[in-house]
Amino acid sequence: MSRNSLAADRDVRDFVGHQLALEIAAGTPAKSAAENIRGALPQEFHWAVDEALRVLGGESPPSSWPQLGNVLATARANGIDVERTFSAYERSVEQARGRYAGVFTGAMSLGMYLVMLTILFLIVIGVYSIFVLPAFQTMFEQFGAPLPAFTSVMIGNIAVLAPMLALLVLALLSYLVGLARLRQRMQQMQPVSPGITWVPGLGSWARAHDAALWMRFYALFLDSGAPENVAGHAAAQLAGSPTRDRRPRLLESAAKLGHLRAELTRMLDADEREAAAGFERARNTTVLVLRLYIYLLLSGYVLAMYLPIFKLGAVV
């Protein structure tokens, strides 16, 4: 299946999921809501409605809903209304997409800038190695002088050139692929990959993000109609018990005062702002390291390319 077909299927699936969530939130049973949506959709899109109903019935969700199956299974195991859970999850995912859209767009743009700079660098080095360096070697040999040692090592020695370029390409590919996977996990309310917690600059942010997931799932199950203790238990099954025990205790106090949902919303808003700011700091640190590596590499190879010109005057 082509990339365009996959994107089109995802658009249809997202539309159906969103409309189904709105219908359920308005009090319409899932089967009736599905019939309403099916009646409004062209025949060619009815498969998405059938798929959504199968997911609500307990089947595994498609890859574009990687966390939905876990959320619905947890709701079912804890006696929480599955249809309302589906609706609440769709709303939460929609909020997560909007929350991180700008952050990830900026990060991806910086990555593509570094990729284009690297491609230009590789083209220049390739042209120089194939056409210019052999000409310099011939000229220096005619005058009985060696090429500058720095040029010979940096450009003329494949054992040095290949690892440097391979490391650069690998770093950029890791950045772009990791960023795409990270965006998907965050937008689907999944924990960040454990390996990221060990990356300098990203570790503290990743741990804070994962710790905040408990509150997001707690809010989701509360919106699904679950009692407070059941919602907290179900959230812990998906995101682990909260590492900062003051949050649940403070929320218990808010519940006694009758302000649980308002306090939970305030905490979530604060966590979301902190998470976005923390991700931007981590992104800037990562891009700075990549930029420094590329600029130092560029400087070294520019010097290596110009050294023969500088030395040629002395040789002649």
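Modeller: S224 sits in the loop between helix 8 (203–223) and helix 9 (228–239). Helices (H or I, at least four residues) and strands (E, at least two) are DSSP runs, numbered from the N terminus. This is a predicted model, in which local features need pLDDT of at least 70 and side-chain atom pairs count only at pLDDT 80 or more, while totals for chains, interfaces and linings use all residues. Residues are numbered from 1 along each chain as its sequence is written, and side-chain values use heavy atoms, with hydrogens and water left out.

Colleague: Why does S224 count as buried?

Modeller: Buried means under 20% relative accessible area, exposed over 50%, and partly exposed in between (1.4 Å probe, protein chains only). S224 has 2% relative accessibility, which is under 20%, so S224 counts as buried.

Colleague: Which residues does S224 touch, not counting residues up to four places away in sequence?

Modeller: With that exclusion, S224 touches I80, D81, R84, T85 and A88. Contact here means heavy atoms within 4.5 Å.

Colleague: Why is D14 called buried?

Modeller: D14 lies in helix 1 (residues 3–25). Its relative accessible area is 18%, under the limit, so D14 is buried. Beyond four places in sequence, D14 touches W65, E90 and R97. D14 and E90 are 76 residues apart in sequence, with their C-alpha atoms 9.0 Å apart.

Colleague: Is A30 buried or exposed?

Modeller: A30 belongs to helix 2 (residues 30–40). With 3% relative accessibility, A30 falls under the limit and therefore counts as buried. Leaving aside neighbours within four places in sequence, A30 is in contact with L20, I24, L53, L56 and E83.

Colleague: Which residues of helix 3 are buried?

Modeller: In helix 3 (residues 46–56) they are H46, A48, V49, E51, A52, V55 and L56. Helix 3 is followed by G58, which has a positive phi, near 115°.

Colleague: How many helices and strands does the chain have?

Modeller: The chain has eleven helices and zero strands. Buried residues make up 41% of its 316 residues.

Colleague: What radius of gyration does the chain have, and what would a compact globule of 316 residues have?

Modeller: The chain has 28 Å, whereas a compact globule of 316 residues would have a radius near 20 Å. The radius is taken over C-alpha atoms, and the globule rule is 2.2 Å times the number of residues to the power 0.38. Along the principal axes, the C-alpha atoms fill a box of roughly 90 × 50 × 25 Å.

Colleague: Among contacts between residues at least 6 apart in sequence, what share joins residues at least 24 apart?

Modeller: In this chain, that share is 69%.
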